[in-house]
Amino acid sequence: RGASWCSPLSPLHQFLRRQQVLQLYRKILRAVREVPAEADRRYLKDWAREEFRRNKDATDEDAIRMMITQGNMQLQELQRTLKLAKS
């Protein structure tokens with residue numbers, strides 16, 4: 001059997017990937033709450049919601065991995081910007 005339980009479309013793999021995506025989404029929304037200007041907060045929240053909604057049916061593992069990486073980089077950039085704004 002080997003590593004067949006972790007084939008790209010296995011239910012376990014899909015579940016774990018979904019958890020990873022939801023965790024990223026929650027982290028982004030949490031960071032957006034820290035944005036001081038209400039208009040900016042609303043814009044970023046709408047942007048995040050739309051990005052995740054637009055890509056919710058993605059199935060290509062490489063594309064999903066790339067989107068998660070990009071999302072994490074954007075989250076880090078937002079967190080850096082917020083930290084600079086507070087200092």
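1. Salt bridges. The count comes to 10 salt bridges, where a salt bridge is a side-chain nitrogen of Lys or Arg within 4 Å of a carboxyl oxygen of Asp or Glu. This is a predicted model, in which local features need pLDDT of at least 70, side-chain atom pairs count only at pLDDT 80 or more, and totals for chains, interfaces and linings use all residues. Residues are numbered from 1 along each chain as its sequence is written, and side-chain values use heavy atoms, with hydrogens and water left out.

2. The Glu61 and Arg17 pair. Glu61 forms a salt bridge with Arg17, and their closest N and O atoms are 2.3 Å apart. The pair links distant parts of the chain: Glu61 sits in helix H3 and Arg17 in helix H1, 44 residues apart. Helices here are DSSP runs (H or I, at least four residues), as strands are (E, at least two), numbered from the N terminus. Are these two partners buried or exposed? Glu61 is buried, with a relative accessible area of 14%. Arg17 is buried too, at 15%. The cut-offs are under 20% relative accessible area for buried, over 50% for exposed, and partly exposed in between (1.4 Å probe, protein chains only).

3. Asp62 and Arg65 meet in a salt bridge through their side chains (2.6 Å, N to O). Both lie in helix H3, three residues apart, about one turn of the helix. Arg65 counts as partly exposed, because its relative accessibility is 40%. Asp62 counts as exposed at 52%. Salt bridges that share partners join Arg17, Glu61, Asp62 and Arg65 into one network.

4. Glu50 forms a salt bridge with Arg53, with 3.8 Å between the closest N and O atoms. The two are three residues apart in helix H2, so about one helical turn separates them. Glu50 is partly exposed, at 39% relative accessibility.

5. Overall fold. The chain has three helices and zero strands. Along the sequence the pattern reads α-α-α. Of its 87 residues, 21% count as buried. Residues 24 or more positions apart account for 68% of the contacts with a separation of 6 or more; a contact means heavy atoms within 4.5 Å. The accessible surface comes to about 6,900 Å², and 55% of it belongs to carbon and sulfur atoms. Accessible areas come from the Shrake-Rupley method with a 1.4 Å probe; for residues, only the protein chains shown count as cover.

6. H1 against H2. How do the axes of H1 and H2 cross? They come within 9 Å and cross at roughly 170°, with H2 spanning residues 38-54. That makes H1 roughly antiparallel to H2. Axes are lines fitted to C-alpha atoms, for helices over the stretch in contact, and angles run from 0 to 180 degrees between N-to-C directions. Angles under 35 degrees count as roughly parallel, over 145 as roughly antiparallel, 65 to 115 as roughly perpendicular and the rest as oblique. On the H1 side, Val21, Leu24, Tyr25, Ile28, Leu29 and Val32 meet Arg41, Leu44, Lys45, Ala48, Arg49 and Phe52 in H2.

7. Surface patch. Leu12, Phe15 and Leu16 form a nonpolar surface patch, with about 280 Å² of accessible area together. Patch residues have over 30% relative accessible area and no salt bridge; like charges are joined within 9 Å, nonpolar side chains (Val, Leu, Ile, Met, Phe, Trp, Tyr) within 5 Å. Phe15 belongs to helix H1 (residues 11-32). Phe15 is partly exposed, at 47% relative accessibility.

8. The H2-H3 loop. Asn55 is found in the loop between H2 and helix H3 (61-86). Asn55 is partly exposed at 28% relative accessibility. Asn55 and Met67 are 12 residues apart in sequence and 8.8 Å apart in space, C-alpha to C-alpha.
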